Amino acid sequence: MAENLPPRDVNDEPVGAGRPPVDPNAEFLGDQGQQPGLTIDAVTPGGEDIVTGGRPEGPEGPDHEFTVQARSQWRQVLRRFRQHKLAVISLFVLLLVILFAFVGAPIWHYEPNKFTDDFSVPPSAKHPFGTDSNGADHMAQVMAGTQLSLKIAFFVSIVGTLFGSIYGAVSGYYRGITDTLMMRLVDLVLTIPALAVGALLGKRFGNNWLLLAMVLAGLLWTGSARVVRGQVLSVREKEYVEAARALGASDKRIIFRHIIPNVAGPIIVLFTLLVAAAVLTETALSYLGFGVQFPDISLGSLITSGETAASGGRGWLFYFPGLFIILIALTVNFIGDGLRDALDPTQTKARA
Amino acid sequence: MSTEYGHAATGGGRNPGGAVLSVRDLTVTFPSDDGPVKAVRGVSYDLRSGEVLGIVGESGSGKSVTSMAVMGLLPKTARITGSVEFRGQELLGLSEKEMTSVRGKKIAMIFQDPMTSLNPVYKIGWQLSEAVLAHHDVSKEVARKRALELLEIVGIPSPDKRIDQYPHEFSGGMRQRVVIAIAMANDPDVIIADEPTTALDVTVQAQVLEALRAAQHETGAAMVLITHDLGVVAGQADRVLVMYAGKPVEIGPIDGIYYQPRMPYTVGLLGSLPRLDQRTQEKLTPIPGTPPSVVNLPPGCPFAPRCPLRTEICLEREPALLPVLGAEHEAACHHSDQLVNHERAMEIFSTDPNAVPGAGPQDGGPGAEQGVGESGEQSAGPSPAPSAEQGTVQDPASPAPGPGPQPEQGSGPAPGTGPNRDQNPGTDAGRDPGQDPQSGAAQ
Amino acid sequence: MTPDPAPAPPPPPSPGAAPLLSVRNLVKEFPIRSSGLIRKQVGVVQAVSDISFDITAGETLGLVGESGCGKSTTSRAVLQLQPATSGRVTFNGVELTTAGKSTLRRLRRDMQLVFQDPFASLDPRITVNEIIAEPLRIHGLYGDKGGGQKKVRDLMATVGLKPEHGNRYPHEFSGGQRQRIGIARALALRPKLLVLDEPVSALDVSIQAGVINLLEELQDELGLAYLFVAHDLSVVRHIADRVAVMYLGKIVEIGPRDDLFDRPQHPYTQALISAIPIPDPRRERSRERILLQGDVPSPANPPSGCRFRTRCPKFLTLTADQQQRCINEEPLLIGRGPGGMATSEDAAHKAACHYAETLDVL
């Protein structure tokens with residue numbers, strides 16, 4: 001085949017010849033190499049629109065027009081993520097929280113449900129988070145509670161996102177009557193008041209965190225399904241999907257090989273948002289007494305028991321678990337923000 | 001529909017002092033994550049009253065950015081240097097308010113997408129009348145009458161019905177003609193048309209070009225016509241400016257550029273076009289390689305990596321735009337004299353991947369091993385610096401040091417070895433597969 | 001669905017004589033639906049109405065026309081990517097419109113599609129190796145790892161890409177290179193017919209020439225037939241053997257390339273050719289341009305009789321009686337002599353105009 005078309009390695013990348021090493025941290029506002037001269041800022045309200053939007057042929061967005069070879073996609077994502085300071089800090093804090101809960105618990109020399117002789121002591125060197133009225137070390141309790149809350153949260157978000165994404169992808173891919181029926185079911189699930197059902201079922205299964213997590217996942221997957229369906233509706237019209245169809249690819253192959261990877265961005269973001277939502281819902285349920293129940297400890301159940309203590313002057317029993325809930329929910333949300341920005345290719349690279 | 005504007009082969013001679021728009025050493029730089037993007041690297045031209053100047057170039061050549069800079073339409077992040085004078089008045093550095101009074105009234109701009117200039121919530125007639133009223137102290141009835149007239153001139157069928165419609169009721173070609181009518185209403189001295197017909201079908205393009213010509217005729221304005229279509233320019237322009245990598249590489253009267261090009265890029269561009277009027281089945285002559293990135297351009301002529309005539313000097317010094325055929329026709333090439341009587345692309349570029357380049361001047365020089373033929377393009381490797389390769393996926397955090405030279409240091413090592421610097425395996429052995437067809441895909 | 005006969009492909013009847021692809025009376029309608037909850041169908045748009053053409057093995061048929069004329073829809077309907085409303089598409093002797101799913105899947109190997117937009121037609125998340133390997137995997141031809149990789153490398157070399165670049169992602173390639181990737185993918189199954197949907201119109205001129213040359217070389221070496229869909233008549237003139245011109249869902253003229261370009265008979269073809277600017281200033285100055293009035297009518301409500309009559313410059317020169325014929329009677333696509341006289345039904349050069357007349361517009 002094609003003897004006249006030898007693989008030629010002659011001429012070399014004119015684009016690449018002499019490109020400097022890529023330094024992800026470099027700021028490029030410098031004007032080295034520019035002649036001195038009149039330097040002004042172009043002033044244009046609305047000019048931005050013209051430049052960035054709507055004009056594919058237009059003034060060359062730094063990317064394609066100049067054949068600036070885009071760097072590897074994930075590297076760009078990572079770099080953009082790193083520019084999001086809050087997200088980076090959040091990631092760091094969340095990792096600390098996870099370490100604290102999962103590594104801290106085994107090495108900490110108190111156990112959550114083991115009573116000591118110190119009843120209701122305020123935070124001290126011996127008991128950094130103080131103790132409760134039974135003498136249990138509160139830091140050990142918070143560690144255990146964080147563990148369970150995180151486990152539930154990640155279970156819910158993994159299962160919820162996975163199921164929701166596939167559900168949404170199938171619905172969006174097939175459209176038509178399939179889509180209509182599937183999305184009406186989503187609407188139906190959405191009308192179920194999560195808290196009430198959670199309370200109802202949680203009361204029955206509350207002592208089994210896995211069942212509780214499954215109930216929560218069963219209620220919280222709808223968001224992912226809707227968002228992913230919307231994305232799939234647009235991705236399925238892409239030419240590369242048609243190309244796969246023209247090659248004779250099966251629907252399964254198209255969905256899993258082409259469509260889902262291309263909606264990975266939103267899915268990752270949905271995942272982080274679901275983590276926060278799950279922590280908060282679990283907390284709310286536990287607080288209402290329907291969630292995690294003794295002897296299991298979650299941050300929500302700690303807050304419940306700590307509430308009365310707080311009004312009795314032992315605020316640490318309330319504030320420490322509260323702090324952790326806020327930490328988890330906030331950091332995960334910020335990370336989600338950062339990921340969303342980083343994964344959004346329309347983010348302009350030019351920074352003023 | 002030939003033109004009544006001068007087409008003498010010399011093309012010039014019309015009072016050079018009468019430049020309405022004078023651009024000098026214009027540069028535009030955008031900051032980007034990859035380094036400063038030098039979109040425009042020193043453009044100078046004079047637009048004489050009444051003439052049509054065609055600016056041609058491929059995407060990324062900076063042709064559109066040049067005009068956006070002239071109009072003050074670039075985002076604030078752009079750094080602009082140089083000078084743009086409209087009838088002696090410096091435009092760069094004007095406040096937005098002052099610029100607004102220039103835009104539209106003295107210089108009208110026509111974009112590829114007409115909806116950039118039309119307001120979707122107002123009727124066509126209202127928008128046209130507004131433009132008329134802004135410049136003439138007349139009653140509304142007179143303005144409307146004039147609006148009708150203008151629609152007639154640009155060839156809108158049944159304008160009396162169309163005038164009370166909204167832009168969305170118009171097709172793309174008709175919208176573009178309305179934009180041209182509005183530009184006429186403003187009675188500008190200069191019309192800048194940026195790819196005005198690119199999104200349109202050919203028969204519609206013919207209508208719009210006709211409307212443009214009518215508008216220019218009516219207002220007597222000079223026009224800058226920016227396009228990638230060498231056919232459109234051939235039929236419309238008096239003079240042509242060819243841009244490559246942010247710089248003009250050739251400027252001159254239209255006939256000179258088309259029949260006696262003195263820059264290999266222009267030659268290659270013309271040679272790579274299939275011709276509607278060509279009966280013989282010659283192979284097309286593609287230009288090997290791809291246009292360079294204007295981020296961190298290496299020193300030397302930016303076209304050198306793709307040029308069959310390149311020699312050492314091309315890789316060291318960027319040629320200046322110098323007169324080649326009279327004062328009017330200038331080209332930026334160290335070897336433009338070699339193109340005399342070798343103006344056909346196939347004489348210097350090879351169409352056959354295995355052939356020795358015909359007019360390769362320096363035997364054994366880089367020109368000889370330059371990738372020629374259609375597959376040359378492939379070697380313009382996708383990823384430029386070795387550092388920007390895939391490894392980044394697995395190893396995203398690594399700063400990825402690469403051996404690529406820092407092009408800003410003009411005094412760096414001689415770039416003649418550019419190709420070999422890449423780590424791609426097989427690069428150095430490039431010649432062998434080129435001459436040995438058997439090493440091709442054997443199936 | 002019809003049960004598939006044995007996996008053996010049906011033998012082509014008398015090879016050489018029968019066309020590779022035969023399209024007869026192809027119609028493709030799209031429903032127009034009302035907005036609102038029920039989305040009741042309120043009408044149809046005939047994107048393609050009753051077109052017929054043949055492609056023989058190894059030849060290139062150029063299908064040209066302006067946006068909305070139905071040329072892309074035709075290409076999709078030929079490949080059964082969009083089911084035709086009616087009509088027959090016969091490929092290699094097999095009727096595609098009634099073929100079962102697995103027959104169709106098998107036949108897909110022999111007819112492949114190359115897309116216009118090299119930035120949209122390659123999945124951005126998959127390496128080039130995998131993109132080119134995909135057709136082989138789908139059809140179980142990838143083989144073991146070594147064999148499959150070799151096939152992919154060979155394909156890359158065939159289209160002028162460096163096989164070493166196979167583990168890169170599409171966005172790292174330039175437009176021309178990406179189009180080559182798309183061509184390599186289409187060639188992977190060694191098809192007999194390539195449907196090329198505006199394969200070079202998204203590329204810069206200096207790059208487009210290389211891709212055109214590549215397509216020509218591949219055709220010579222592999223004996224491919226092309227259905228080359230394009231709006232750029234210059235490119236079509238260069239690459240096609242025969243050309244069909246479409247207007248509002250109909251083929252208005254079809255003929256051998258030089259015949260059609262040098263002696264166009266249909267007023268629309270003439271206007272189309274005359275509107276193409278030629279990169280030659282002297283010729284441009286001396287050319288007559290036929291300017292069409294107005295815009296293409298809506299395909300939802302095409303004019304009666306001849307669909308082009310609302311914009312036809314010829315129509316304006318006709319007598320009232322003659323005009324009436326254009327309004328009432330749809331002109332057939334047949335061979336035409338002087339004055340539009342019908343000559344032969346199977347002439348090579350056919351035009352659908354009652355008053356067809358040769359005109360040199362170049």
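Mentor: Two strands count as paired if DSSP finds at least two bridges between them. The model is predicted.

Trainee: In strand 8 of chain C, which residue is the bridge partner of Leu196(C)?

Mentor: Strand 7 (residues 193-197) of chain C pairs with strand 8 (residues 225-230) of chain C over five bridges. The sense of that pairing is parallel. On strand 8 of chain C, Leu196(C) has as its bridge partner Phe228(C).

Trainee: In what order do the seven strands of the open sheet in chain C run?

Mentor: The pairing in this sheet is mixed. Strand 6 and strand 11 (350-351) of chain C each have a single partner strand, so one side of each lacks a neighbour in the sheet. With those two at the edges, the order is 6-7-8-3-9-10-11.

Trainee: In strand 5 of chain C, what is the bridge partner of Phe91(C)?

Mentor: Strand 4 (residues 86-91) of chain C pairs with strand 5 of chain C in the antiparallel sense. That pairing has two bridges. In strand 5 of chain C, Phe91(C) is bridged to Val94(C).

Trainee: How many of the residues of helix 5 of chain C are buried?

Mentor: Helix 5 (residues 175-187) of chain C has 13 residues and reaches 18 Å from its first C-alpha to its last, close to the 18 Å expected. This helix is mostly covered. The buried count for helix 5 of chain C is 13 of 13.

Trainee: What radius of gyration does chain C have, with its 362 residues?

Mentor: The C-alpha trace of chain C spans about 70 × 55 × 55 Å along its principal axes, and buried residues make up 52% of the chain. For 362 residues, a compact globule would have a radius of gyration near 21 Å. Chain C agrees with that, at 22 Å.

Trainee: How many residues of chain A are in contact with chain C?

Mentor: On the chain C side, 30 residues take part. Helix 2 (101-108), strand 6 (111-114), helix 3 (128-138), helix 4 (145-158) and helix 6 (205-222) of chain C each give two or more residues to that side. The chain C side divides into 12 nonpolar, seven polar and 11 charged residues. On the chain A side, the number of residues in contact is 26.

Trainee: Is Tyr265(B) buried or exposed?

Mentor: Tyr265(B) is found in helix 10 (residues 264-271) of chain B. Leaving aside residues up to four places away in sequence, Tyr265(B) touches Val242(B), Tyr244(B), Val249(B) and Phe303(B). A residue needs 20 or more other C-beta atoms within 10 Å to count as buried. Because Tyr265(B) has 28 such atoms, Tyr265(B) is buried.

Terms used. Residues are numbered from 1 along each chain as its sequence is written. Chains are lettered from A and ligands numbered from 1 in the order in which they are written. This is a predicted model: local features need pLDDT of at least 70, side-chain atom pairs count only at pLDDT 80 or more; totals for chains, interfaces and linings use all residues. Two residues are in contact if their C-beta atoms, placed from the backbone, lie within 7 Å. Helices (H or I, at least four residues) and strands (E, at least two) are DSSP runs, numbered from the N terminus. Ala, Val, Leu, Ile, Met, Phe, Trp, Tyr, Cys and Pro count as nonpolar, Asp, Glu, Lys and Arg as charged, and the others, Gly among them, as polar. The expected span of a helix is 1.5 Å times one less than its number of residues. A residue is buried if 20 or more other C-beta atoms lie within 10 Å of its own, exposed if 12 or fewer, and partly exposed in between; C-beta atoms are placed from the backbone. The radius of gyration is taken over C-alpha atoms; the globule rule is 2.2 Å times the number of residues to the power 0.38.
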